[in-house]
Amino acid sequence: MPAHFLGIDAGGSRTRATLISDQGELVGLGYSGAANFRTYSFARSSLSIQEAVAQAIKHTSLTQVETVCIGSAGLEEPGTEEEGRKFLGNVICANQVLLDTDAYIAWAAALKAQPGVIIISGTGSIGLGVDLAQVRHRVGGWGPYFGDEGSAYWIANKAIREALKVLDGRSKNTAFLDALLEFAGLPRQLSQTNAHALTTWLYARESSTELANFAPWITRLAEHNPSAKLLLEDAGKNLAELVEAILQQGSFQQPVTVSIGGSVLKHSMP
């Protein structure tokens, strides 16, 4: 019987599990919700991982695989095999379990484990470079409250702040407010007297991921609104700073290969 391997991308917005054989054949795919244990609980993140794995192996008779590799949002450094097995629970047995950052598995896939830099901007943002000496250099990835500049949450947060200024009378640029009210399903005629409806909606969000879903609205708005375009350009500058910081830390062959990943960069590139 051929050996099988499971790769799991446990991200801030969703989790994906891919099952392949030792012949490189795609055997199964599974999807579930977010699995960042920094912004959710460990239990919820584990459940997302287990649901994705269960889907990936659903149409097989497998009870054991050779290796499971989990790339987890929320990790700054490689995790332990014990932690990885806790994430998996009893959904599948494995001879080996590897746990690392989602940035590291993205770098390995994009650059085929060769020296270079990857910048990821999805729900959060992070930069990772691996230099000629195979030394890692991580920049950013400090989460929605203290970092993640240029990410979907960062863009959404900035846009929401601008929208609220209109309600205060501090700005006359209503484009962000109009977009936010439509996104939230609230009436356009919202005024200061009933702004509590918007406050209630904002603080009822369970996680940064829900607010990060507002970012695509800003991307579409930027097609005809200068303020939204400037916001996206500012996001790009912040992501470029991650690259610069990584290159200052390590020894890289010139020219440096820089790869990009994440929904923000995927949908915002010309």
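# A tour of the protein chain

Start with the whole chain in cartoon view. It has 10 helices and 9 strands. Keep in mind that this is a predicted model.

**Stop 1: the overall view**

Now show the surface. The accessible surface comes to about 14100 Å². Carbon and sulfur atoms account for 52% of that surface. Of the 270 residues, 46% count as buried.

Next, colour by charge. There are 21 positive and 26 negative charges, and their mean positions lie 6 Å apart.

Then think about contacts along the chain. Among contacts with a separation of 6 or more, 59% join residues 24 or more positions apart.

**Stop 2: helix α5**

Select residues 175–184. This is helix α5. Is it enclosed or open? Of its 10 residues, 7 are buried, so helix α5 is largely enclosed by the rest of the structure. Show side chains for the buried ones: A175, F176, L177, A179, L180, L181 and A184. An α-helix has 3.6 residues a turn, so residues three or four places apart point the same way.

Which helices do the buried residues of α5 pack against? Select α4 (152–168), α6 (196–203), α8 (215–221) and α9 (226–249). Those are the partners.

Step just past the end of α5. There, G185 takes a positive phi of about 75 degrees.

**Stop 3: an aromatic cluster**

A search of the whole structure finds 5 aromatic pairs. One of them is F183 with W201. This pair is edge-to-face, with 5.7 Å centre to centre and 85 degrees between the planes. F183 sits in helix α5 and W201 in helix α6, 18 residues apart, so the pair links distant parts of the chain. W201 counts as buried, because its relative accessibility is 15% and the cut-off is under 20%.

Now select W217. F183 pairs with W217 too, again edge-to-face: 5.5 Å centre to centre, 75 degrees between the planes. W217 is in helix α8, 34 residues from F183. At 24% relative accessibility, W217 counts as partly exposed.

F183, W201, F214 and W217 form one aromatic cluster.

**Stop 4**

A reminder before you move on. Most residues other than glycine have a negative phi, and most peptide bonds are trans.

Go to K112. It lies in the loop between α3 (102–111) and β6 (116–121). Phi of K112 is near 50 degrees, a positive value in a residue other than glycine. Is K112 buried or exposed? With a relative accessible area of 70%, K112 is exposed.

Next, D148. Look in the loop between β8 (136–140) and α4. D148 is not a glycine, yet it has a positive phi of about 60 degrees. D148 counts as buried, at 7% relative accessibility.

Last, find P255. It is in the loop between α9 and β9 (258–261). Which form does the peptide bond from Q254 to P255 take? It is cis, with omega near -10 degrees.

Key
Residues numbered from 1 in each chain as written. Predicted model: local features only at pLDDT ≥ 70, side-chain atom pairs only at ≥ 80, totals over all residues. Heavy atoms only, no water. Helix = DSSP H or I, 4+ residues; strand = E, 2+ residues; numbered from the N terminus. Buried < 20%, exposed > 50% of the residue type's maximum accessible area, 1.4 Å probe, protein only. Contact = heavy atoms within 4.5 Å. Areas by Shrake-Rupley, 256 points an atom, 1.4 Å probe, with all protein chains shown as cover. Lys, Arg positive; Asp, Glu negative; His and termini not counted. Charge placed at Lys NZ, Arg CZ, Asp CG, Glu CD. Phe/Tyr/Trp six-rings, centres within 6.5 Å; stacked < 30°, edge-to-face > 60°.
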